[in-house]
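Subject: Structure handover and findings

Hello,

Here is the structure I promised to pass on. Please open it alongside this note; what I found follows below.

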Amino acid sequence: MRRFGAFHIAVLAAGFAFLYVPILLVVIYSFNASRLVTVWAGFSTKWYAALLANTQLLDAARVSLMVAAVSATIATVLGTLVAIVLVRFGRFRGRLVFSSLVYAPLVMPEVITGLSLLLLYVAVAFDRGFWTVTLAHVTFTLSFVAIVVQSRLISFDRSLEEAAQDLGCPPAETFFRITLPIILPALIAGWLLAFTLSLDDLVIASFTSGPGATTLPIQIYSAVRLGVSPEINAASTILIGLVTLAVIAFSLSTKRSEVERQRAERGAAT
Amino acid sequence: MATQRNTRLGRLALIGVPALWLTLFVAVPFAIVVRISLSESVIAMPPYEPVFDLSAGFAAFAEALGRLDFDKFVFLTTDPLYLESYLSSIRIAGLSTAIILAVGYPIAYAMARAPKGTQPLLVMLVVLPFWTSFLIRVYAWMGILARDGFLNQALGGLGLISEPLDILSTDTAVMIGIVYSYLPFMVLPLYASLEKMDLSLLEAAADLGCPPWQAFWRITVPLSLPGVVAGCLLVFIPAVGEFVIPDLLGGSDTLMIGKTLWSEFFSNRDWPVASAVAVVLLVALLVPIGIYQHMQARQLEADR
């Protein structure tokens, strides 16, 4: 009833300034010529050049991208299975335990998840490296995928599946030809979420990675502990840029497919 | 008949694969944490004495049960470091949650009242920082709060302070970091519950002569309560166990349990004590986690 007025606009402006100014400062000062990060001394891209020469950081970035891609893919498959079980299977014995295990990593403090997985690896004498981090990331990201896919499955029109089955389509084929294409946007969103969560994780990776599998956050963290530096600003800016592009591209593509779908539906109706 | 058996087998496989994964990577590891928290520390690799040696058979297992070592938990109560870490974690997380609620409510409210067409954009603007690296967002505040940082420069430039403020490496800096990092977790559930609200309720209140401010307290706030509870839990639970923020923004005297666990593990190499800290932390969080899971389940039922 109360209209959207100056007060609301001021609140939103202040809120978004709070959210974005710190990030903008990091980006702006990555182009600073001075090594003193808080004193502006002219425009320069030399810290980006320095990054290209930093092989440790580049190696860590490569490891992180690999871990994120592999773990997000496995997590998407498992998370989708979890979502199907939770939405479609109704009540079954052990459902409460099952759903508790799904939600546990969502709310468990990262230090506990990391510690417990490390102790598992030590107990079975699994040498820490690429795979230990990847498996750990699958475990903590699959819950997020499950939630994203679950919400899509809940709003799903089941009569489409029933129609296919009435026409004699076997369940597996129904899944791949009807269900999967419809929930695909949720799977992509879940994959992207799992990918960025994995790329971002410091705590669980610190516990579960070993020599030769230093991820980007671990590398950045060890540099950050020594204080603010323009090279880290430059690395951060590249990461922020990549993520922003990915999110914008994804939201534009889903918007376009949504528009196309609506147009197709309207076309079919007339 | 055959197809029926097939679907039942398929069903079992669909449940079985994720259930096996979750058992192996969530349930078993936690059981190991509990087990190691009950064992002796030794200087070796791994640095603990196994409690249960399964190769020795069941008799040895039963005997081992009798001499479980609760020393680590007794130790946690004797050294004030641990109790103080717990209390200070809860204090810092609780205060931060209250501040986030105070900051986040007006933002969510304004979002929910914005023109319908711009709302998806506003939601995306709140979510976008969540997609950028957590570490970078905390790092950004190191540059702002430092003695020669942007905040002191700005305040000094405006003539508001004559001496630079020492904010970095204090509990205040930790709280600023938590408020900044977790704000989206509060705004989104609040927005979701405010956006669903039926505005004609406010019109009815106004028609009956209720002043807007009172209508806000008596109608809007109670209706947004589920969002308030969800947002507070989503912020409080991870904030209690936070490690990165107190480590980068806090000082050496900032005590938080996540940081204590980390240093027990990585610096002191005392795995049994680290495990005991983890067990107690989880027990302390069991109540809020339980409430949250209960709400999630109810929400899911309501959506169906």
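Let me start with chain B. Among its contacts between residues at least 6 apart in sequence, 71% join residues at least 24 apart. Bear in mind throughout that this is a predicted model.

Chain B overall

Chain B has 14 helices and 0 strands. The chain has 304 residues, and 48% of them count as buried. UniProt, in an unreviewed entry, places the annotation "domain: ABC transmembrane type-1" on residues 86-292 of chain B. That span is 77% helix and 0% strand. Its end C-alpha atoms are 21 Å apart.

Which helix of chain B is largely enclosed by the rest of the structure? Helix α13 (residues 257-266) of chain B is, because 8 of its 10 residues are buried. The buried ones include Lys259(B) and Glu264(B). Ile257(B), Leu261(B), Trp262(B) and Phe265(B) are also among them. Gly258(B) and Thr260(B) complete the set.

The loop between α13 and α14 (271-303) of chain B holds Arg269(B). Arg269(B) is not a glycine, yet its phi is positive, at about 55 degrees. Arg269(B) counts as partly exposed, with 47% relative accessibility.

Chain A: the annotated spans

For chain A, an unreviewed UniProt entry lists "transmembrane region" at residues 6-29, 65-89, 101-124, 130-154, 175-197 and 232-253. I can describe two of these spans. Residues 6-29 of chain A are 96% helix and 0% strand. The end C-alpha atoms of residues 6-29 are 32 Å apart. Residues 130-154 of chain A are 100% helix and 0% strand. For residues 130-154, the distance between the end C-alpha atoms is 36 Å.

Chain A has a positive phi to check too. Ala125(A) is not a glycine, but its phi is about 55 degrees. Ala125(A) sits in the loop between α5 (110-123) and α6 (130-154) of chain A. At 67% relative accessibility, Ala125(A) counts as exposed.

The interface

The contact between the chains draws on 84 residues from chain A and 89 residues from chain B. The area buried between chain A and chain B is about 7,900 Å². Carbon and sulfur atoms give 80% of that area.

How many salt bridges cross the interface of chain A and chain B? The rule finds 1. Asp247(B) and Arg225(A) form a salt bridge through their side chains, at 3.5 Å from N to O. There are also 8 residue pairs in polar contact across the interface of chain A and chain B, both residues at pLDDT 80 or more. Helix α1 (residues 6-28) of chain A gives the most to the side of chain A that touches chain B, namely 12 residues. By class, that side of chain A has 64 nonpolar, 15 polar and 5 charged residues.

Salt bridges within chain A

Over all chains, the search finds 7 salt bridges. One of them joins Arg88(A) and Glu161(A), whose closest N and O atoms are 3.2 Å apart. Arg88(A) lies in helix α3 (residues 55-88) of chain A and Glu161(A) in helix α7 (residues 159-166) of chain A, so the pair ties together parts that are 73 residues apart in sequence. Both ends are buried: Arg88(A) has a relative accessible area of 19%, and Glu161(A) is at 10% relative accessibility.

Glu161(A) has another partner. Its side chain meets that of Arg158(A) in a salt bridge of 3.9 Å, N to O. Arg158(A) counts as partly exposed, at 40% relative accessibility.

Arg177(A) and Glu173(A) are 4 residues apart in helix α8 (residues 171-200) of chain A, so about one helical turn separates them. Arg177(A) counts as exposed, at 60% relative accessibility. Glu173(A) counts as partly exposed, at 34%.

Best wishes

Key:
Residues numbered from 1 in each chain as written. Chains lettered and ligands numbered in written order. Predicted model: local features only at pLDDT ≥ 70, side-chain atom pairs only at ≥ 80, totals over all residues. Heavy atoms only, no water. UniProt positions renumbered as here; feature names shortened; annotations may be inferred. Helix = DSSP H or I, 4+ residues; strand = E, 2+ residues; numbered from the N terminus. Contact = heavy atoms within 4.5 Å. Buried area = accessible area lost by both parts, 1.4 Å probe. Salt bridge = Lys/Arg side-chain N within 4 Å of Asp/Glu carboxyl O. Polar contact = N/O pair within 3.5 Å; in protein donor to acceptor, adjacent residues only side chain to side chain. Nonpolar A, V, L, I, M, F, W, Y, C, P; charged D, E, K, R; others polar. Buried < 20%, exposed > 50% of the residue type's maximum accessible area, 1.4 Å probe, protein only.
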